[in-house]
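Here's a quick walk through one model, helix by helix. Have the viewer open and follow along.

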Amino acid sequence: QVVLLAGEAGIGKSRITQTLRERIAGEPHTRITFQCSPFFINRALHPIILHLERAAGFSPGDTEPTKIEKLEAMARLASDDLDAVLPWLAALLSVAADAGYAVPEVSPTLRRQRTLQALLAQLTGLAAQEPVLLILEDAHWIDNTTLEFMQLVVEQLETEPVLLIMTFRPEFSPGWVGDRKSTRLNSSH
């Protein structure tokens with residue numbers, strides 16, 4: 001359930017994922033795309049934050065209450081237990097949550113773990129509704145926390161209808177290469 005698509009820059013890795021998206025467009029599924037960038041390699045969870053902002057439908061002029069409403073609506077697509085995920089998602093997106101969704105005072109390590117668990121709960125909640133196509137583009141620029149989250153996703157994939165496609169340049173080597181759940185494809189001209 002993991003496809004690792006490795007190849008040099010410009011070889012067509014993104015085109016392969018685009019072709020797959022086009023071929024399954026008529027099939028029921030949820031598509032999630034995380035795009036890594038060399039400009040944000042030191043910003044924890046940046047690709048996931050961008051995805052969540054898009055998925056929630058945030059607009060530049062949104063007020064904090066509007067953002068909370070949009071975040072609640074997005075979270076409800078995956079779970080009825082908003083108290084378990086919304087505080088962590090709101091904090092991740094720097095949305096000032098009202099007292100009902102305030103993040104408890106915890107250590108930075110526990111805060112990271114709870115945030116990753118909330119993100120995983122969102123993913124598995126979506127997968128319970130319909131299959132998920134999760135595309136992680138340009139993983140050679142992934143930040144450490146997003147990589148940690150992706151490891152959690154890979155561990156969870158055995159029991160979830162999720163197909164993870166990760167594109168990257170050959171110099172990147174995720175820890176789960178060679179795992180029985182993953183298939184590595186090397187692109188060349």
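## Around helix α6

Leaving aside residues up to four places away in sequence, Thr 146 is in contact with Leu 45, His 46, Pro 47 and Ile 48. Keep in mind that this is a predicted model. Thr 146 sits in helix α6, and with a relative accessibility of 0% it counts as buried, because the cut-off for that is under 20%. Glu 155 is in helix α6 too, but it comes out as partly exposed, with a relative accessible area of 47%. If you want a sense of scale, Glu 155 and Ala 73 are 28 Å apart, C-alpha to C-alpha, and 82 residues apart in sequence.

| Residue | Relative accessible area | Class |
|---|---|---|
| Thr 146 | 0% | buried |
| Glu 155 | 47% | partly exposed |

How do α5 and α6 cross? Helix α5 (residues 108-129) and helix α6 (residues 144-156) have axes that come within 10 Å and cross at roughly 45°. That angle makes α5 oblique to α6. The crossing of α5 past α6 is right-handed.

As for who meets whom, α5 brings Arg 112, Leu 116, Gln 117, Leu 119, Leu 120, Leu 123 and Thr 124, while α6 brings Thr 145, Glu 148, Phe 149, Leu 152, Val 153 and Gln 156. Sorted by class, that contact has 7 nonpolar, 4 polar and 2 charged residues.

Now for the core. The largest nonpolar core has 50 residues, and the members touching the most others are Leu 119, Leu 134, Leu 136, Phe 149 and Leu 164.

Last stop, helix α2. Which residues of α2 (residues 46-56) are buried? They are His 46, Pro 47, Ile 48, Ile 49, His 51, Leu 52 and Ala 56. His 46, Pro 47 and Ile 48 are also among the residues that Thr 146 touches. The cover over the buried residues of α2 includes β2 (30-35), α3 (64-76), α4 (82-92), α5 and α6. Just after α2 comes Gly 57, with a positive phi of about 80°.

Definitions and conventions: Residues are numbered from 1 along each chain as its sequence is written. This is a predicted model: local features need pLDDT of at least 70, side-chain atom pairs count only at pLDDT 80 or more; totals for chains, interfaces and linings use all residues. Side-chain values use heavy atoms; hydrogens and water are left out. A nonpolar core is a set of buried Ala, Val, Leu, Ile, Met, Phe, Trp, Tyr and Cys residues joined through side-chain atoms within 4.5 Å. Buried means under 20% relative accessible area, exposed over 50%, partly exposed in between (1.4 Å probe, protein chains only). Axes are lines fitted to C-alpha atoms, for helices over the stretch in contact, and angles run from 0 to 180 degrees between N-to-C directions. Helices (H or I, at least four residues) and strands (E, at least two) are DSSP runs, numbered from the N terminus. Angles under 35 degrees count as roughly parallel, over 145 as roughly antiparallel, 65 to 115 as roughly perpendicular and the rest as oblique. A crossing is left-handed if the near helix is turned anticlockwise from the far one by less than a right angle, and right-handed if clockwise. Contact means heavy atoms within 4.5 Å. Ala, Val, Leu, Ile, Met, Phe, Trp, Tyr, Cys and Pro count as nonpolar, Asp, Glu, Lys and Arg as charged, and the others, Gly among them, as polar.
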